[in-house]
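Please look over the model below with the sequence beside it. The report then takes it region by region.

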Amino acid sequence: MIFYYFLGDFLKWKKIGDILIVDSKFDEDISDNLESIAARHNVKSIIKIDQIEGQKREPTISILYGNETETIHKENGCLFNLDLSKVMWAKGNNNERLRIAKLVGKGETVVDMFAGIGYFSIPIGVHSQAKQIYSIEINPNSYHFLKNNIELNKINEKAEYDRMVPILGDCAVEAPKYSADRVLMGYVKTTHHFLRPAMECVKDGGIIHYHETVPDKLIETRPYERVKQVAFECGEREVEVLNIQKIKRYAPGVEHIVLDARIY
Ligand SMILES: C[S@@+](CC[C@H](N)C(=O)[O-])C[C@H]1O[C@@H](n2cnc3c(N)ncnc32)[C@H](O)[C@@H]1O
């Protein structure tokens with residue numbers, strides 16, 4: 001669970017493992033209190049995320065208190081080892097991470113195209129009876145923690161084979177090598193550029209979870225139109241919209257959503 005703390009009018013904190021993250025509106029005036037804040041919340045470090053940049057979603061941080069940035073965070077009964085100076089933790093996606101894990105049926109093959117440290121893959125490995133999970137990640141730092149998290153959550157220990165397979169690479173190249181019942185596209189901004197490899201990966205009757213940051217007015221139309229267009233281009237496939245899930249406010253007037261679509 002992520003805890004939010006409010007100090008004054010603007011300050012917002014969240015606790016990831018035993019590290020407290022303060023948002024970018026951090027007020028230098030309270031810097032004197034950092035030691036007592038750290039003690040009160042039982043954390044070893046306090047950091048500020050200055051920005052998260054680029055395709056690999058790499059953070060730039062300032063350490064305000066302490067010096068360690070690696071931790072183990074618990075969420076939805078899963079353990080996530082991560083270094084907050086190297087990889088991101090998406091606030092506000094916790095319900096979605098569990099929702100997807102609960103949708104996965106027994107015996108499914110899942111391809112997670114943007115696996116990160118296992119944000120979706122690990123809950124699927126822990127909570128579902130998926131037969132096989134291929135977790136593709138392009139950022140070597142995230143891939144390192146993805147492998148740690150597979151071990152930490154003992155996902156492959158309980159099966160006679162490697163149920164979860166981490167893959168370091170570009171999902172545009174890797175995803176079409178597999179045939180999946182379910183394809184996760186947990187990435188925003190340019191996700192639609194990856195619809196073709198997702199379409200080449202998903203079986204007939206399989207499901208794509210397609211993320212998009214979309215202006216409010218276009219929620220009901222643009223994500224569906226984009227998926228439909230690529231489905232048509234890839235052998236005139238059909239799209240059935242199962243659900244449009246709002247995940248969080250991304251910017252004023254812009255929502256991060258996920259479209260669940262069955263592809264025939
Ligand atoms: C950080 S995750 C998004 C957050 C996640 N959905 C959650 O719930 O917390 C997106 C990941 O996609 C990875 N990525 C971006 N482009 C990629 C590509 N072409 N192939 C594989 N992974 C990619 C990034 O490195 C990043 O780790």
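## Elements and confidence

Helices and strands here are DSSP runs, numbered from the N terminus; a helix is H or I with at least four residues, a strand is E with at least two. On that count, N76 lies in the loop between β6 (70–75) and β7 (78–83).

This is a predicted model. The mean pLDDT of the protein is 92. Of its residues, 92% reach 70 or more. Residues 1–10 stand apart from that picture: pLDDT stays under 50 there. The model has 16 contacts beyond four places in sequence for residues 1–10. Where pLDDT is low, the predicted coordinates should not be read in detail.

The domain assignment gives domain 1 (4–68) and domain 2 (94–263). Their C-alpha centres lie 30 Å apart.

Where does the ligand lie relative to domain 1 and domain 2? Both domains give residues to the shell around the ligand, so the ligand lies between them. The ligand is surrounded by 20 residues. The closest are A90, N93, F114, G116 and G186. Strand β9 (132–137) supplies at least two residues of the shell, and so does α5 (171–174). By class, the shell has 9 nonpolar, 6 polar and 5 charged residues.

## Helix α2

Helix α2 covers residues 94–103. Which of its residues are buried? They are E96, R97, I100 and A101. Seen down the axis of α2, these buried residues fall within an arc of 135°, so they line one face of the helix. An α-helix has 3.6 residues a turn, so residues three or four places apart point the same way.

The face of α2 turned away from the buried side carries N95 and K102, both exposed. What covers the buried residues? The cover includes the helix α3 (121–127). It also includes the strands β11 (180–185), β12 (202–215), β13 (239–251) and β14 (254–263).

## Residues in the first part of the chain

W13 sits in strand β2 (residues 11–16). W13 has 19 other C-beta atoms within 10 Å, so it is partly exposed; a buried residue needs 20 or more. W13 and L184 are 171 residues apart in sequence. In space their C-alpha atoms are 29 Å apart.

D23 is in the loop between β3 (19–22) and α1 (34–40). D23 is partly exposed, with 14 other C-beta atoms within 10 Å. D23 and I47 are 24 residues apart in sequence and 8.8 Å apart in space, C-alpha to C-alpha.

A38 belongs to helix α1. Is A38 buried or partly exposed? It has 19 C-beta neighbours inside 10 Å, so A38 counts as partly exposed. Beyond its neighbours within four places in sequence, A38 is in contact with L20, V43, I46, Y65 and G66.

I61 is part of strand β5 (residues 58–65). With 17 C-beta neighbours inside 10 Å, I61 also counts as partly exposed. Residues up to four places away aside, I61 touches I47, K48, I49, D50, L84 and S85. I61 and D50 are 11 residues apart along the chain, and their C-alpha atoms are separated by 5.2 Å.

## Positive phi in two loops

Most residues other than glycine have a negative phi. N76 is not a glycine, yet its phi is positive, about 50°. N76 lies in the loop between β6 and β7. It is partly exposed, with 17 other C-beta atoms within 10 Å.

K154 also has a positive phi, near 55°, in a residue other than glycine. K154 lies in the loop between α4 (140–152) and β10 (164–168).

Note on methods:
Residues are numbered from 1 along each chain as its sequence is written. This is a predicted model: local features need pLDDT of at least 70, side-chain atom pairs count only at pLDDT 80 or more; totals for chains, interfaces and linings use all residues. A residue is buried if 20 or more other C-beta atoms lie within 10 Å of its own, exposed if 12 or fewer, and partly exposed in between; C-beta atoms are placed from the backbone. pLDDT is the predictor's confidence in each residue, from 0 to 100. Two residues are in contact if their C-beta atoms, placed from the backbone, lie within 7 Å. A residue is near a molecule or strand if its C-beta atom, placed from the backbone, lies within 6 Å of it. Ala, Val, Leu, Ile, Met, Phe, Trp, Tyr, Cys and Pro count as nonpolar, Asp, Glu, Lys and Arg as charged, and the others, Gly among them, as polar. Domain bounds come from an automatic or database domain assignment. The arc is that of the directions from the helix axis to the C-beta atoms.
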